[in-house]
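Q: I am new to this structure and would like to learn how to read its pockets and its sheet. Could we go through them together?

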Amino acid sequence: MALLEIRDLKKYFSTPRGMLHAVDEVNLDIEEGTTLGVVGESGCGKSTLGRTVIRLLEPTSGTVMFDGKDITSVTKRQFHALSTQMQMIFQDPYASLDPRMSVAELIAEPIKVHKLTRNRAEISERVRDLMDTVGLARRLERSYPHELDGGRRQRIGIARALALNPKFIVCDEPVSALDVSIQAQILNLLQDLQQEKKLTYMFITHNLSVVRHISNEICVMYLGRVVEKCEAKELFVHPYHPYTKALLSAIPIPNIHIEQKPIPMTGELTSPINPPNACRFAPRCPYATEQCRSSEPALEEMTPGHVVLCHRAKELNDL
Ligand code: SF4
C-alpha cells in the first residue's frame, strides 16, 4: 500500500522575470517501508519536491495523500499534529544544528517542541535511547556540534528526525557532505533503521551511485519534471531517457581496464522561468528533433512500472 501519493504537484516561485517552475506536475507513489530515490543535477527541483511533500513549502497546486489523508488541504494547525510522522534529514548537519546546543539538547529539542513529554527524566532516557539507536556514544551527550566530525553530526540529525517516531523521512542529500568511508556507515545506518522501524524514505541525491543500493524505485528529475521512473535495478540495466543515460555514463567505473565514456551534455540549460512548450532537455539532447523543440512530451509507460518523458524513447531504445 502506498504511504504517500503525490498527484499533479506543482511548486512555482514568483520572480521578477516570471514564474519559476521548480516542481511541475509531479506524480509519485511511495510504498510503505520502501525507499524512493530522487536523482538529478543541482537545480532540478528535487529538494523543493522533498520540502513541498512535507509542507515545509506550501504547494502551488496538487495533492499529497499521506497514510490516506490529504495533507495539502488540512490547516497548518491540523498539519502540526501530522507533521511528527513526516521528518527530514538535511544535507549539511552542521548548518542545521544550533551550535550553542549540546548533543543531548539538540536531540531533546523536537521532543520538547512537540510536547511528547515534559518529564525531564523521560526526556533524558529517550535522548539516550536515540543516541544508542544511531550509534552515538553516551559520553558525547554534553559535546557541541563543532567538537564532532561530520558523520557524528549527521547521526545527531538522524536522531532528531527519529525523535518523534516518524513513518516517513525525506533524506535530502544526507551523505553528500561526508567522506566516502563515512557515507557508507550512514547509508548502512539508514537501511538498518528502515528495516527495524519500517520507515519509508524519499532519498534525494545528485549521485546515482549513492541511491543504487538503498532505493526500491528511482525517479530522475530534470528542471522540475520527472523524466524517468522505475525500479532501481531496472534503471541501471535499461535506462531509456537520454538524460538518465548521460547521468549513468558519468558514474566512475572502478576498473582501470574499462574505458570510461561519459556522454557529454553540452548546450544551454532551458530556463525554469516560464519554460517553453518543448522538451526541457532539448537544448542538451543529441537526439533532439523539431518535435522535441515544439511540444512537450508526456510520460509514457515503456514496460510495467517504467515511465519515461521523451518523444523518442521507444525509437532510441531500438537503435
Ligand atoms: Fe531528447 Fe527529444 Fe527525448 Fe527530449 S524528447 S529527451 S529532446 S529525444
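Q: Which residues line the second largest pocket?
A: Rolling a probe the size of a water molecule over the atoms shows where empty space is left. Here, the second largest pocket is lined by Ser 102, Ala 104, Glu 105, Ala 108, Lys 112, Arg 120, Ile 123, Ser 124, Val 127, Arg 128, Glu 141 and Arg 142. A pocket is an open set of points on a 1 Å grid over the protein atoms alone, where a 1.4 Å probe fits, with protein on both sides within 12 Å along at least five of seven lines; lining residues have an atom within 4 Å of a point. This is a predicted model: local features need pLDDT of at least 70, side-chain atom pairs count only at pLDDT 80 or more, and totals for chains, interfaces and linings use all residues. Residues are numbered from 1 along each chain as its sequence is written, and side-chain values use heavy atoms, leaving out hydrogens and water.

Q: Which element gives the most to that lining?
A: H5 does, with 5 residues. Helices are DSSP runs of H or I with at least four residues and strands are runs of E with at least two, numbered from the N terminus. By class, the lining of the second largest pocket has 4 nonpolar, 2 polar and 6 charged residues. Ala, Val, Leu, Ile, Met, Phe, Trp, Tyr, Cys and Pro count as nonpolar, Asp, Glu, Lys and Arg as charged, and the others, Gly among them, as polar.

Q: What is the volume of the largest pocket?
A: About 520 Å³, where a volume is the space filled by probe spheres set on grid points joined across faces, edges and corners. Its lining has 22 residues, with Leu 56, Gln 87, Met 88, Phe 90 and Arg 160 nearest the centre. That lining divides into 13 nonpolar, 7 polar and 2 charged residues. The second largest pocket has about 320 Å³.

Q: In what order do the 4 strands of the open sheet come?
A: Strands of a sheet pair through backbone hydrogen bonds, either parallel or antiparallel. In this model the order is S2-S1-S4-S5, with antiparallel pairing; two strands pair if DSSP finds at least two bridges between them. The edge strands, S2 (18–31) and S5 (69–70), each pair on one side only. Strand S1 (residues 2–15) pairs with S2 over 10 bridges, and Ala 2 has Glu 31 in S2 as its bridge partner.

Q: How many helices and strands does the protein chain have?
A: There are 12 helices and 12 strands.
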